[in-house]
Amino acid sequence: MKILITGGAGFIGSNFIRYWLNKYPNDQIINLDVLTYAGNLENLRDLESNKNYQFIKGDIGDAELVNEVVQKGMDLIVHFAAESHVDRSIMDSSDFIKTNVLGTMVLLDAAKNNGKIRFHHISTDEVFGALTPKDKPFNESTPYAPRSPYSASKAASDHLVRAYFHTHKLPITISNCSNNYGPYQFPEKIIPLFITNLLERKKVPVYGRGKNVRDWIYVDDHNAGIDAVIKKGKIGETYCLGGGQEITNLELTGRIIKLMGQDRTMIEYVADRPGHDLRYAMDYTKAKKELGWEPAMSFDRGLKQTIDWYKAHEAWWRKIKSGEYLEYYKKNYLKR
Ligand code: NAD
Ligand code: TDX
């Protein structure tokens, strides 16, 4: 099978390519990625000599290039490419609309116009809005209610993907997943940011009072879920994937601090994120029943493994933190 992966140089995409080529070594993968601040070819160094892996630098919004790539005989498109960080979308939404909405449209058109290529779209739990502590977790019937520019752009892309199924009979599936963590996650997201700050003996900035809740899934559990949807999912359907590991940001911070042998004086309470969604949680009963998928990694083991990975890959994250990332970091929450 020939597969086009978009955004494969980012966190989940790079883990997915490694997962897929390990499991299906005879498949051929083309990774189309424009290499934004979040794209990093070092995430895929070990695959560079693999004859079934090819990287193409390019923007998913470039219709001519996308058509050229798709015409290389793709059987499947797995669409990860996106602007993915909520805080950045609050500072400036334009790239979120360009890539997440318009870029998705370009890809859908290329899939439609080149023999209706099977299309799997990667989305997020954030499209469903925010839960109160008493609400039941999100599921596939939860109405869309995005509240940040990021989640609004992802919601728009989900609607477009579904519209191409209904209107053009494009064979699509969508997976909406909860918060991922694991190796190669860019250190602007809470888990890698806090781990690397603590390794640098810097404080960790908890937004507000740290009461917000996220549902954490280890990245390879997400990859296995995507695999299950691609292989066994019903065309036109959406599948919710989650880790079943709900925890407040403050509890999460306490666990990371403890695992790293430091103490709570390392916590710095900073201004809250505007419009900060209180709680996300996913009910993945449909994926479990219909696909036989469920997350396998316990949070304790996954977190420890992730901390060990960042300890062992200091050069990887130090290079990022000393580059463009730092400018963003200074402009963003250091100012708040
Ligand atoms: P990431 O920011 O680490 O990676 C995004 C990748 O997309 C980067 O390599 C970047 O260079 C590339 N990209 C961005 N704009 C592009 C463009 N115009 N053309 C080509 N490539 C482009 O993101 P991630 O955390 O790996 O997320 C991947 C996908 O999974 C996104 O669609 C995101 O919405 C979704 N998702 C993420 C999470 C999470 O917790 N990280 C959870 C659920 C869903
Ligand atoms: O420095 C921080 N301090 C802090 O308290 C950061 C970066 C975050 N937080 C809080 C905000 C959130 O409640 O931690 C929580 C997690 O924040 P992020 O890591 O920025 O993730 P989140 O906003 O929940 O979104 C993530 O999960 C869903 C991904 O970035 C999205 O791409 C995905 O769709």
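Biologist: Why is Phe-138 called buried?

Modeller: Buried means under 20% relative accessible area, exposed means over 50%, and partly exposed lies in between (1.4 Å probe, protein chains only). Phe-138 has a relative accessible area of 2%, so Phe-138 is buried. This is a predicted model, in which local features need pLDDT of at least 70 and side-chain atom pairs pLDDT 80 or more, while totals for chains, interfaces and linings use all residues. Side-chain values use heavy atoms, without hydrogens or water, residues are numbered from 1 along each chain as its sequence is written, and chains are lettered from A and ligands numbered from 1 in the order in which they are written.

Biologist: What makes Phe-128 and Phe-138 a tilted pair?

Modeller: Rings of Phe, Tyr and Trp (its six-membered ring) pair if their centres lie within 6.5 Å; planes under 30 degrees apart are stacked, over 60 edge-to-face, and the rest tilted. The search of the whole structure gives 17 aromatic pairs. In the pair Phe-128 and Phe-138 the centres are 5.2 Å apart and the planes are at 35°, so the pair is tilted. Both residues lie in the loop between S5 and H5, 10 residues apart. Helices (H or I, at least four residues) and strands (E, at least two) are DSSP runs, numbered from the N terminus. Phe-128 is buried too, at 4%.

Biologist: Why is the pair of Tyr-184 and Trp-316 called edge-to-face?

Modeller: The centres are 5.9 Å apart, and the angle of 80° between the planes puts the pair in the edge-to-face class. Tyr-184 is in the loop between S7 and helix H6 (190-199) and Trp-316 is in helix H11 (residues 314-321), so the pair joins parts 132 residues apart in sequence. Tyr-184 counts as buried at 14%, and Trp-316 counts as buried at 7%.

Biologist: How do you know that Lys-231 lies over the face of Tyr-24?

Modeller: A charge sits over a ring if NZ of Lys or CZ of Arg is within 6 Å of the ring centre and within 35 degrees of the ring normal. Lys-231 is 4.1 Å from the ring centre of Tyr-24 and lies over its face. Tyr-24 also belongs to one aromatic cluster with Phe-16, Tyr-19, Trp-20 and Phe-80.

Biologist: How do you know that Ser-84 makes a polar contact with ligand 1?

Modeller: A polar contact is a pair of N or O atoms within 3.5 Å; within protein, one must be able to donate a hydrogen and the other to accept it, and residues adjacent in sequence count only if both atoms are side-chain atoms. A polar side-chain atom of Ser-84 is 2.7 Å from an oxygen atom of ligand 1, inside that limit. A backbone N or O atom of Asn-180 lies 2.9 Å from an oxygen atom of the ligand. Alone, ligand 1 exposes 840 Å², of which the protein buries 96% (Shrake-Rupley areas with a 1.4 Å probe; for residues, only the protein chains shown count as cover).

Biologist: What makes Tyr-150 a residue of the shell around ligand 2?

Modeller: A residue is near a molecule or strand if one of its heavy atoms lies within 4 Å of it. A polar side-chain atom of Tyr-150 lies 2.6 Å from an oxygen atom of ligand 2, within the limit. The protein covers 94% of the 650 Å² that ligand 2 has on its own. Tyr-150 is among the closest of the 21 residues around ligand 2, and also among the closest of the 28 around ligand 1.
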